[in-house]
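Please open the structure in a viewer and keep a selection tool at hand.

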Amino acid sequence: MPATPSPATPSPAVPPVAADPAAAVVPTGRGRRTLLLGIETSCDETAAAVVARHDDGSFEVLSSVVSSQIDLHARFGGVVPEVASRAHLERLDPVVAEALAVAGIRGRDLDAVAATAGPGLVGALLVGVSAAKALALVWDVPFVAVNHLEAHLFAPLLQEPDVAFPLLVLLVSGGHTLLLGMDAPGAYRVLGRTVDDAAGEAFDKVARYLGLGYPGGPAVDRLATSGDATAIAFPRSMLHDGLALSFSGLKTSVVNHVRRNPDVATADVAASFQEAVVDVLVHKARRAAAGIGAVGMSLAGGVAANRRLRARWVEAAAAGGLRAHLPSPAYCTDNAAMVAAAGLWRLAEHGPSALGCGVDPNLSLADD
Ligand code: KG4
Ligand code: ZN
């Protein structure tokens with residue numbers, strides 16, 4: 001990943017094809033709304049959701065089903081791509097059926113089907129995209145390819161219809177750590193990013209080293225509540241270096257500290273490590289928010305479920321006179337409701353995607 005922030009660029013996400021977006025809006029008993037089935041299979045969660053977009057642009061989640069593969073990957077200490085693809089194949093049909101049943105609709109009530117087309121594991125992505133295209137053909141509705149990173153940015157909009165812009169978004173997941181300026185849905189600027197490990201990756205690697213299992217983030221989060229966050233002064237890497245972030249040195253510091261102090265309390269290591277990560281994330285986010293004149297600060301991505309980060313985020317926003325946006329933890333980690341919301345917005349603004357479009361394991365958010 002490049003070390004320097006990228007210039008302002010509107011996100012192309014997934015290229016649309018020409019179409020009449022209004023054609024997908026169907027009047028229903030509850031007024032005009034567009035109903036879309038979202039599918040997410042980019043990594044180790046098989047997920048499907050039915051979400052409605054109302055004429056005022058607000059979203060309504062009718063169902064959101066997530067089948068986690070944690071049990072399958074835990075013994076390997078991380079996600080095994082081939083195991084993930086097979087599990088998606090087995091689980092996707094029942095997960096879609098459940099999403100429709102919970103929403104109380106039939107496939108032919110839908111106006112469109114969307115799926116994550118990247119970034120992610122290529123085999124895993126193909127399962128979701130192929131299924132979504134097939135369902136779109138069967139139900140004779142448009143297909144929409146969704147960028148997984150953009151989907152994470154829609155998580156706050158799922159629950160809060162009145163989000164004001166510009167917004168500073170910290171997108172922290174297993175594969176990405178991005179500071180973004182969001183001027184509107186679809187208009188993103190990458191302000192900063194990690195030069196090495198993603199924040200979630202650091203949580204997972206440290207947890208693995210400490211023997212806390214997989215996935216590491218939730219395990220560290222839990223253990224940290226019984227530890228002393230001031231016990232060990234781990235480094236705050238690149239704290240004063242613009243908006244770039246780095247976590248691999250911190251991970252090495254944790255390993256070195258535990259080697260030199262084998263009797264150290266694991267809870268203190270977890271709490272001190274977590275505090276170092278959160279300190280840097282919050283510090284940089286505040287600076288980035290000030291730099292773009294943001295009116296709000298939003299968290300997104302799996303690490304946004306971290307309780308210490310959420311608490312510090314609220315404090316930081318209040319200190320800066322900004323609104324804090326915190327999607328529910330279930331909408332921070334991978335889910336299909338966020339994919340459906342991004343798909344609904346793309347459909348309305350840009351129309352359907354071509355059925356011939358493929359998946360892109362390295363899809364980026366901005367054209368950088
Ligand atoms: O967004 P996500 O579900 O999948 C990706 O797109 O990567 O993020 C997964 C990451 C993992 O690294 C996981 O350890 C981390 O989010 N994570 C957490 C917490 N819950 C999930 N990290 C810290 N604290 C948590 N509570
Ligand atoms: Zn994700």
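Helices (H or I, at least four residues) and strands (E, at least two) are DSSP runs, numbered from the N terminus. This is a predicted model, in which local features need pLDDT of at least 70 and side-chain atom pairs count only at pLDDT 80 or more, while totals for chains, interfaces and linings use all residues. Residues are numbered from 1 along each chain as its sequence is written, chains are lettered from A and ligands numbered from 1 in the order in which they are written, and side-chain values use heavy atoms, with hydrogens and water left out.

**Stop 1: the largest pocket**

Select C43, S173, G174, G175 and D204, which lie nearest the centre of the largest pocket among its 40 lining residues. A pocket is defined on a 1 Å grid over the protein atoms alone, as an open set of points where a 1.4 Å probe fits, with protein on both sides within 12 Å along at least five of seven lines; lining residues have an atom within 4 Å of a point. The volume of the largest pocket is about 1,100 Å³, a volume being the space filled by probe spheres set on the points, which are joined across faces, edges and corners.

Next, colour α4 (148-153), α6 (199-209) and α7 (216-224), the elements that each give two or more residues to this lining. The largest share, 6 residues, comes from α6. By class, the lining holds 15 nonpolar, 16 polar and 9 charged residues (Ala, Val, Leu, Ile, Met, Phe, Trp, Tyr, Cys and Pro count as nonpolar, Asp, Glu, Lys and Arg as charged, and the others, Gly among them, as polar).

Why does the largest pocket lie between domain 1 and domain 2? Domain 1 (22-157 + 332-350) and domain 2 (165-294) both give residues to its lining, so the pocket lies between them; the domain bounds come from an automatic or database domain assignment.

**Stop 2: two cis peptide bonds**

Select F165 and P166, which are joined by a cis peptide bond with omega of about 0°. P166 is in the loop between α5 (155-159) and β7 (167-172). Then move to Y214 and P215, where a cis peptide bond has omega of about -5°; P215 lies in the loop between α6 and α7.

**Stop 3: positive phi**

Finally, select D140, a non-glycine residue with a positive phi of about 55°. D140 sits in the loop between α3 (122-139) and β6 (143-147). D140 is exposed, at 71% relative accessible area (buried means under 20%, exposed over 50%, partly exposed in between, with a 1.4 Å probe and protein chains only).
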